[in-house]
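Subject: The structure, and what turned up in it

Hi,

Here is the structure I promised to send over.

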Amino acid sequence: MISIDAKKQIDAWILKYPKDRQSSAVMQALKIVQAENKNRLSADTIQAVADYLDMPGIAVQEVATFYENYNHKKVGKHVIRFCHNISCMLNGADDLILHLENKLGVKTGEVTPDGLISAKKVECLGACVGAPMFQINDEYFENLTADKIDQIVDNLK
Amino acid sequence: MIEIEINGNVVKAKAGEMLIQVTDREGISVPRFCYHKKLSVVASCRMCLVDVEGAPKPQPACSTPVNEGMKVHTQNDKAKASQKAVMEFLLINHPLDCPICDQGGECELQDVAVEYGSDISRFSESKRIVPDGDIGALIQADMTRCIHCTRCVRFGLEIAGMMEMGGTGRGEHLKIEPFLKEGIQSELSGNMIDVCPVGALTSKPFRYELRSWQMHSMPNIARHDLVGSNLFVQTYKGKVKRVVSADNDLINETWISDRDRFSYEGLTHKNRLLEPQIKVQGQWQQVSWKVALDYAVKGLNSHVLKHQKVNQLGGLASSTATMEEFYLLKKILTEVGCDNIDHRLNVKNLDNVITLDSNIKLGALEKIDYALIVGANIRLEQPMINHRLRKATKKGADIDELNVMAFDFNHPLDTKNITAPNKIAPTLAGVLKSIMISNTQELPDYLLAVEVGEVANNIAAKLLNSRSSVIILGEHIINNEDASTIANLITQIAQNTNSKTLNLSITANTMSANWVGFVPQNSGMNVNTMLASDMRGFILLDIYPQYDFHDLETAVKAFTKDDTFVISLNSFKDDIVAGYSNVILPIASVYETSGTQLNINNDMQSYTAAVKAPDEVKPAWKVLKVMADLLALPSFHYADSAQVLAEIFHQPQTKHTHDENVNLTSKHHGISIIWQNSPYSIDAVLRHSNALQKTKIGQMNSAYMNQASAETLGLSADDKYLGVPVVITNTVADDCVFINANQAVNTQGQT
Ligand code: SF4
Ligand code: FES
Ligand code: FES
């Protein structure tokens, strides 16, 4: 379930924490395991991480469901994380999310039929100065407008 | 001791304890949800806010340590305003439909809302709804009602030793749920129902049955293990409807095992025996008590007493009987001159029995710093004792085991020593030798040739270095070829290291049987000798050979002989019993009779009947008393079971003498079978309780063996061994088959 390579990466993180505190590496471990499982986590992968770090499954599940960066459903090749927290909301995020949904033809939480893009609503990404904003994969896009969104989305390959 | 002031009154407190502990002790009510006296403090619900003078904001009483001179107000405007505000927030998402909630009437939220809530809800937006999964056969989830106090989560983590519930999602989407699809599995899981302050977790078998105020709540004692947990039996119209725990810090603290909580379901199974019956010319007839007892006494007279064949009469009882029942049956037998008495039904060789006293109390168990477990799966066999051990490990105690299989412990083990049954005695002999060498004692002859391995040296060193240790002997040793030697070695090891001992090779009410000396008298026969002899009569108290004897066939053959007259006292119908008995007398089961249980602390706990036994069923002590009267035995004038107990007190307690022989020469080779009924099928009422049987523990049914043993026996993973599915695993020692046999009776029969 967890590849040898992934285990090596997780081990490197475990070493950063005191002995017997390997559970501290849980967030990194989930990230690593997610990356090698089509960018999503399943009950099985979560259990595998739990076993590897000697934690109860539910404790890993708590972490995995707390953070938006872990995906529990199928996601697209590109994941758009649209902030809908206060600053972005006050700056029109809700309308822009609707716009994005229309543009993609699917709702947030779903994947476009070609598997290219999925979007999800997330909480504050710490970029309130540039609200409204979203993140695609590891990149931030700020001060969004409907036009700007069209342009960015059209450029996704 | 310090002094603080609460609501203008000076009270004493211990420095550093939490304010809520002081108010609870003083009887000052402070509302709370997340706080529970046996769980860690998280201070997350904020319901317990009180005003502390000098603090700018109200403080949570559950996590505010007291200081000398502190002035606290639990009821002033500031305190009340915050309590009211918190209540309003808590009710935002909580359904306001108490009339259709199963917790209604016994809900902490409801109580607190009545006292601190507002009459009118200002919240007109829609409330959140949480879909529920099936979390198992014992607990019903209704998570829309959950207030996220996390008591159930902490219970799992801190008490049950397995975190099963957790908070997933965040913010508005936070949900309390288990991760595993199989649902909740802990052997203590039912306590989550008790700790949950609201109707989010309730008893599944009891769902929508009754309101708490409709039932009588009677204190009673659990009878399925050596602890005798204190509990309340809640009844309605003469039926047991629910069992909940009662507090007793010396015994079960505030917890009870699922086995004790849900076994009552068996009481209403359709297999209950409801009327006396006699077998006339091979045909069973249901008759009145008078006819049945006359028939029984006549049978005893004509088969045994009249012919001076009293030495061919035997009395056997299972470990579920009450102390009074053991005593009365023994008294009847001895008064008619019969010495053949026994309760040790599952012991193969009664010349090789465990005699080991327990000399540590439950409370002391959690203070030990080292425990050695020999042949026990304590977690499932004695859950509340395991809980104490687990608490000890949390304070740093080390636990080692000498077990035939790696069981699933819920606390860390220092070393797992998976040891073949025939290697246990030699290993313990090594431990003793190592200790005696360290103590520069002279070695007895039998130790001279003993090899001391690393395992033995390790255990010896730990025992010698520990401040307070205990050696625990479990029921997997009962039929070990070296049983008595193992017990005697443990006694000696304990003496030489100042350790305590705990004998868990017995269970239920066996301590009572030993107390009243329900064993062969003078030169009477033991159970195995009786079964092998030509007997003419038996009185059998609550015995089901299929489950109680190590060797079903021999037992049934002995009981079935043509001229053997068998009187059976049972609570449940059983074909095998019907096959050999001449009279079957229906007797009360748990909670239906008064009686006494002797637990591992040596506490004699007496209980009264919470319900009357159904139909014609009578408590066994009464049946035995009347039988004695009919036999014209003189001194059976008891008006109630308390008088029996009073008489027992006047008897000298039976002291056991036993040999202290250590015999290390047994040359046992080949595969040992350790047969154990699975935890939820150890007695008749459990075997008939529906919900328990549906749990993972209830379903346990495997013959575990390692690859080598499987090959020796010519078995593979698809086979059955002695009727039990084979599981091949390298967690079992060599030369050993460990069987956990599910003996549940068809549980579709709940009425
Ligand atoms: S289910 Fe009950 S005990 Fe568990 S968090 Fe919710 S309210 Fe608290
Ligand atoms: S609210 Fe959107 S980035 Fe902070
Ligand atoms: S009981 Fe004090 S904060 Fe919950």
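B:Lys395 and B:Glu366 form a salt bridge, with their closest N and O atoms 3.5 Å apart; the term stands for a side-chain nitrogen of Lys or Arg within 4 Å of a carboxyl oxygen of Asp or Glu. This pair links distant parts of the chain, 29 residues apart: B:Lys395 sits in the loop between helix 11 (383–394) and strand 18 (398–403) of chain B, and B:Glu366 in the loop between helix 9 (362–365) and strand 17 (370–374). Helices (H or I, at least four residues) and strands (E, at least two) are DSSP runs, numbered from the N terminus. B:Lys395 is exposed at 57% relative accessible area, whereas B:Glu366 is buried at 11%. Here buried means under 20% relative accessible area, exposed over 50%, and partly exposed in between (1.4 Å probe, protein chains only).

Please keep in mind that this is a predicted model: local features need pLDDT of at least 70, side-chain atom pairs count only at pLDDT 80 or more, and totals for chains, interfaces and linings use all residues. Residues are numbered from 1 along each chain as its sequence is written, chains are lettered from A and ligands numbered from 1 in the order in which they are written, and side-chain values use heavy atoms, leaving out hydrogens and water.

A second salt bridge joins B:Lys38 to B:Glu253, at 3.3 Å between the closest N and O atoms. These two residues are 215 residues apart in the chain. B:Lys38 is partly exposed at 23%, while B:Glu253 is buried at 3%. Both pairs belong to a network of salt bridges that also includes B:Asp249, B:Arg388 and B:Lys391. Over all chains, the search finds 35 salt bridges.

And how many salt bridges run between chain A and chain B? The count there is zero. The two chains bury about 1000 Å² between them, 67% of it on carbon and sulfur atoms; buried area is the accessible area (1.4 Å probe) that two parts lose on being put together, summed over both. A:Ile58, A:Glu62 and A:Phe66 supply 52% of the area that chain A buries against chain B, more than any other three residues.

Two backbone details to finish. A cis peptide bond joins A:Ala131 and A:Pro132, with omega about -5°. B:Tyr591 has a positive phi of about 65° although it is not a glycine, and this residue is buried at 3% relative accessibility.

Best wishes
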